Amino acid sequence: DKDIGDLVDADFETVFSAEPEIVLLGTGATNVFPPRELTFAFARKGIGFEVMDTAAAARTFNVLANEGRKLAAVLCL
């Protein structure tokens, strides 16, 4: 278990290996922003990175998956 503020790009190596076009990070009951460097790491890889509360991330995942988008979600409680 890691706090959102302690996440680094190495925590997402498995996600990166799947080569998604976008990654959704669900941060629990409230929206918590990760470190800026993590956002920059996604940008350098050309992967979209959206951060929102977990309920919104789950809904967004369903919409994007229904559109046939290649995506991944990391959902925290």
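Partly exposed means a relative accessible area between the buried limit, under 20%, and the exposed limit, over 50%. Keep that handy, and remember that this is a predicted model.

**Exercise 1.** Work out whether Glu21 is buried, exposed or partly exposed.

*Solution.* Start with the value: Glu21 has a relative accessible area of 36%. Now hold that against the cut-offs, under 20% for buried and over 50% for exposed. Glu21 therefore counts as partly exposed.

**Exercise 2.** Find the salt-bridge partner of Glu21 and say which parts of the chain the pair ties together.

*Solution.* First, the partner: the side chain of Glu21 meets that of Arg69 in a salt bridge, at 2.5 Å from N to O. As for Arg69, its relative accessibility is 34%, so Arg69 is partly exposed.

**Exercise 3.** Which residues are linked with Arg69 in a network of salt bridges?

*Solution.* We already have Glu21 with Arg69. Put together, Glu21, Glu67 and Arg69 make a linked network. Glu67 has 53% relative accessibility, so Glu67 counts as exposed.

**Exercise 4.** Describe the salt bridge between Asp11 and Lys2.

*Solution.* Begin with the distance: the closest N and O atoms of the two are 2.8 Å apart. Then check accessibility. Asp11 is partly exposed at 38%, and Lys2 is partly exposed at 43%.

Technical notes: Residues numbered from 1 in each chain as written. Predicted model: local features only at pLDDT ≥ 70, side-chain atom pairs only at ≥ 80, totals over all residues. Heavy atoms only, no water. Salt bridge = Lys/Arg side-chain N within 4 Å of Asp/Glu carboxyl O. Buried < 20%, exposed > 50% of the residue type's maximum accessible area, 1.4 Å probe, protein only. Helix = DSSP H or I, 4+ residues; strand = E, 2+ residues; numbered from the N terminus.
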